[in-house]
Amino acid sequence: MIEIKDLNKSYVMGKNSLHVLKGINLKINEGELVAIMGSSGSGKSTLLNIIGMLDNYDSGAYQLDKVPIKDLDETKAAKYRNKFLGFVFQSFNLINYKTAIENIALPLYYQGIASKERQKIALDYLDKVGLKDWSGHLPSELSGGQKQRVAIARALASKPKVLLADEPTGALDSKTSDEVMELIIQINKEGKTILVVTHEQEVANMCNRIITLKDGVIMTDIKSK
């Protein structure tokens with residue numbers, strides 16, 4: 001599903017260059033639930049941004065579902081992101097003035113799906129995350145856990161090949177974190193490939209495989225289950 005070979009990424013900072021990813025080799029198969037760990041500056045966010053087509057890489061190769069991903073312009077990157085990827089963020093990234101169902105339906109609008117069908121799909125996914133009765137509520141009327149469930153439903157509604165979750169429990173208390181992770185595990189068991197970037201060991205331990213980065217290099221890659 002994801003194949004990365006000898007991936008390098010540097011950022012120019014004034015007269016200096018910061019080598020962030022140093023020859024990353026990584027293969028993630030369809031249906032895996034993988035945690036990516038590492039301290040601040042380890043390269044984990046840069047790696048996720050490259051996988052998510054939010055950033056380019058300097059050298060190496062990256063294939064997603066056998067499609068080479070390299071030097072995409074923003075139009076093509078947006079098209080591929082829409083086709084392949086769903087995103088879940090620590091800060092939820094919901095639109096404050098739109099209801100739960102409207103937030104979920106928005107990516108479907110960009111896919112050209114008719115209004116009535118968008119509403120049906122959005123309601124189905126709200127039901128899937130246990131929030132059907134909250135469809136008309138604004139984000140300000142939802143708890144942190146409920147917001148993250150809406151964000152997960154939005155990410156899933158466009159039926160992505162891969163779900164990328166960047167610190168999905170970072171803004172939640174431990175009980176709510178467990179509930180969100182249980183939902184992610186359930187979605188994974190239905191066959192979805194999921195990558196979770198986290199600094200929390202407890203969250204990583206709930207995944208099937210833990211990859212640890214340090215100074216732009218993969219230090220360990222352990223199957224935990």
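Trainee: Which elements each supply at least two residues of the lining of the largest cavity?

Mentor: Keep in mind that this is a predicted model. The elements are α1 (44-51), β6 (85-89) and β7 (162-166).

Trainee: Which of them gives the most to that lining?

Mentor: β6 does, with three residues. The whole lining consists of L48, N49, L54, F87, V88, F89, L164 and D166.

Trainee: What is the volume of the largest cavity?

Mentor: About 40 Å³. The structure holds one cavity of 30 Å³ or more.

Trainee: And how does its lining divide by class?

Mentor: Six residues are nonpolar, one is polar and one is charged.

Trainee: Let's switch to helices. At what angle do α3 and α5 cross?

Mentor: Roughly 25°, with the axes coming within 8 Å. Here α3 covers residues 100-110 and α5 covers residues 144-157. That angle is why α3 counts as roughly parallel to α5.

Trainee: Is the crossing left-handed or right-handed?

Mentor: Right-handed. On the α3 side the contact is made by A100, N103, I104, P107 and L108, and on the α5 side by V150, A153, R154 and A157. Seven of these contact residues are nonpolar, one is polar and one is charged.

Trainee: What about α3 and α4, at what angle do they cross?

Mentor: Roughly 125°, and again the axes come within 8 Å. α4 is residues 115-128. The two helices are therefore oblique to each other.

Trainee: And which hand does that crossing have, left or right?

Mentor: α3 passes α4 in a right-handed crossing.

Trainee: Which residues make that contact?

Mentor: From α3 there are A100, I101, I104, A105, L108 and Y109. From α4 there are R118, Q119, I121, A122, L123 and L126. The classes are 10 nonpolar, one polar and one charged.

Trainee: Why do you keep quoting an angle and a distance for each pair?

Mentor: Because two packed helices are described by the angle between their axes and the distance between the axes.

Note on methods: Residues numbered from 1 in each chain as written. Predicted model: local features only at pLDDT ≥ 70, side-chain atom pairs only at ≥ 80, totals over all residues. Heavy atoms only, no water. Axes fitted to C-alpha atoms, helices over the stretch in contact; angles between N-to-C directions. Helix = DSSP H or I, 4+ residues; strand = E, 2+ residues; numbered from the N terminus. Parallel < 35°, antiparallel > 145°, perpendicular 65-115°, else oblique. Left-handed = near helix turned anticlockwise from the far one by under 90°. Contact = heavy atoms within 4.5 Å. Nonpolar A, V, L, I, M, F, W, Y, C, P; charged D, E, K, R; others polar. 1 Å grid on protein atoms, 1.4 Å probe; cavity = no way out; pocket = protein on both sides within 12 Å on 5 of 7 lines; lining within 4 Å. Points joined across faces, edges and corners; volume = space filled by probe spheres on them.
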